[in-house]
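Subject: Structure for your files

Hello,

The structure we spoke about is below, followed by notes on what was found in it. Please keep it open while reading.

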Amino acid sequence: MAKPPTKNTSGRGQRDLTVKVKTARGRKMSSTLWLQRQLNDPYVRRAKTDGYRGRAAYKILELDDKFRFLVSGARVVDLGCAPGGWCQVAVGRVNALGEKKGKAVGKVLGIDLQEVEPIAGAEIHQLDFLADGADDQVKAWLGGPADVVMSDMAASASGHKQTDHIRIIALCEAAAHLAFDVLVPGGTFVAKVLAGGAEGELQKLLKQKFTKVENVKPPASRADSSEKFVVATGFRGQSSGEMDGGAPVGTGHGEPL
Ligand SMILES: C[S@@+](CC[C@H](N)C(=O)[O-])C[C@H]1O[C@@H](n2cnc3c(N)ncnc32)[C@H](O)[C@@H]1O
């Protein structure tokens, strides 16, 4: 299991060790630049120290530090979970291994197209979430309601900005529809989107279904990427189709930390 992160989750303020990568025969310039960026990224270094499978872990840590949805006892669905950083964070925060004595024990269900190395405390399945019947399959694995549905799903980049934007919005919409089916009233939906034109409809729908919808770029999200996260809190319940101004009906299974 990942060690709890050291106090500074931002990855900033560390010694500036700029590693220069020399170009090598057979390696493309883009690969050289990628390698250089990885070697100089403080979040990549911190992920190694803290035992996380990737720097993405800090995005959900930072979002949860702000919104506090990963509470002990919460039941969480993590869509697009490979290699597993978000699951590692969720397992610790919802107490899926029961390590916080006297606190409610949560559940973490991870789904990805790719195979994922097992993570203690998480149940992980390989599945294309866009395949027919995938959401029914996820509901069957979940076996009950969820307090949090989170999605970091991203299709592999096509290099065409608008195409990538449309694809990620499709993934986000599919995740949102699962959330509408499984979330308890008061539940939370978190999903990655790319800034662009197509997300207006999705935002409108989320505003009908949740009491609060915010768009956030956590510090761990690279400044040069158009990625941001929508965090929708206070699910109004399954019958909420219209904007009714209702208050959140409950707080789900989880308890405050
Ligand atoms: C940025 S990675 C997720 C990183 C993860 N949150 C972590 O902390 O390790 C995006 C993932 O979305 C997955 N993905 C993309 N499309 C998917 C789909 N249709 N069904 C399931 N997973 C999908 C990809 O396989 C990829 O592993």
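The cut-offs, with C-beta atoms placed from the backbone, are 20 or more others within 10 Å for buried, 12 or fewer for exposed, and partly exposed in between.

Two points on the source. This is a predicted model, in which local features need pLDDT of at least 70 and side-chain atom pairs count only at pLDDT 80 or more, while totals for chains, interfaces and linings use all residues. Residues are numbered from 1 along each chain as its sequence is written.

Overall
The protein has seven helices and seven strands (DSSP runs numbered from the N terminus; helices are H or I of at least four residues, strands E of at least two). Of its 257 residues, 38% count as buried.

Beyond its neighbours within four places in sequence, Ala191 is in contact (C-beta atoms, placed from the backbone, within 7 Å) with residues including Cys172, Ala175 and Phe229.

Strands
All six residues of strand E4 (residues 146–151) are buried, so E4 is largely enclosed by the rest of the structure. E4 runs parallel to strand E1 (residues 75–79), with four bridges joining them, and parallel to strand E5 (residues 183–194), with five bridges. Strands count as paired if DSSP finds at least two bridges between them. Val148 in E4 stands opposite Val76 and also opposite Thr188 in E5.

Backbone details
Arg68, in the loop between helix H3 (57–67) and E1, has a positive phi of about 55° although it is not a glycine. Asn95 is not a glycine either, and has a positive phi of about 65°; its place is in the loop between H4 and strand E2 (107–112). Asn95 counts as buried, with 25 C-beta neighbours inside 10 Å. The peptide bond from Ala82 to Pro83 is cis, with omega near 0°, and Pro83 lies in the loop between E1 and helix H4 (85–93).

Regards

Notes: Contact = placed C-beta atoms within 7 Å.
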